[in-house]
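The sequence and structure are shown first.

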Amino acid sequence: ARKAAQYMEIEAFLNSAREKHVLLFVYDSSKKLSQAASEMVQDFVADTHWKIVPITVDGKDLPEFPNSKILADQGLSLGLKDTPAYIIGNLDNETIQHVGFGAISVSRLKENIYTQLKAQESAP
């Protein structure tokens, strides 16, 4: 029952947070891990209805994201050392927060976003 209540709290929180936030999905199309992660990101978007901003570090799109933005600096401007990476962007104050790297599940991504945003809310 506790897990179900926590799940419902996370879902409700993400539903309200999607108005002010976007998910940046940073990938390298040549890496199998990024290719696999694109499916998870699509599942996340279908489930939460968050806006996604796909960003390619190698200049090539994935089939699922044909109009990705290009990072010419290989992700260094976002503080990335590897891909895939998941970053949330706040549309109000234009800040970003890293919420995951590598192969993660939709549920883990949701939990990470929830944890980061709740911590930000409670910070002075």
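The text below covers the nonpolar cores, then some loop residues.

This is a predicted model, in which local features need pLDDT of at least 70, side-chain atom pairs count only at pLDDT 80 or more, and totals for chains, interfaces and linings use all residues. Residues are numbered from 1 along each chain as its sequence is written, and side-chain values use heavy atoms, leaving out hydrogens and water.

A nonpolar core is a set of buried Ala, Val, Leu, Ile, Met, Phe, Trp, Tyr and Cys residues joined through side-chain atoms within 4.5 Å. Buried means under 20% relative accessible area, exposed over 50%, and partly exposed in between (1.4 Å probe, protein chains only). The largest core has 24 residues; Leu23, Phe25, Trp50, Tyr86, Leu109 and Ile113 touch the most other members. Two or more residues each come from helix H1 (2-17), strand E1 (21-27), helix H2 (32-48), strand E4 (85-90) and helix H3 (106-122). Helices (H or I, at least four residues) and strands (E, at least two) are DSSP runs, numbered from the N terminus. H3 gives the largest share, five residues. Another core, of 11 residues, lies apart from this one and includes Val22, Ile55, Leu71 and Leu78.

Most residues other than glycine have a negative phi, and most peptide bonds are trans.

A cis peptide bond, with omega about 0°, joins Thr83 and Pro84; Pro84 lies in the loop between E3 and E4.
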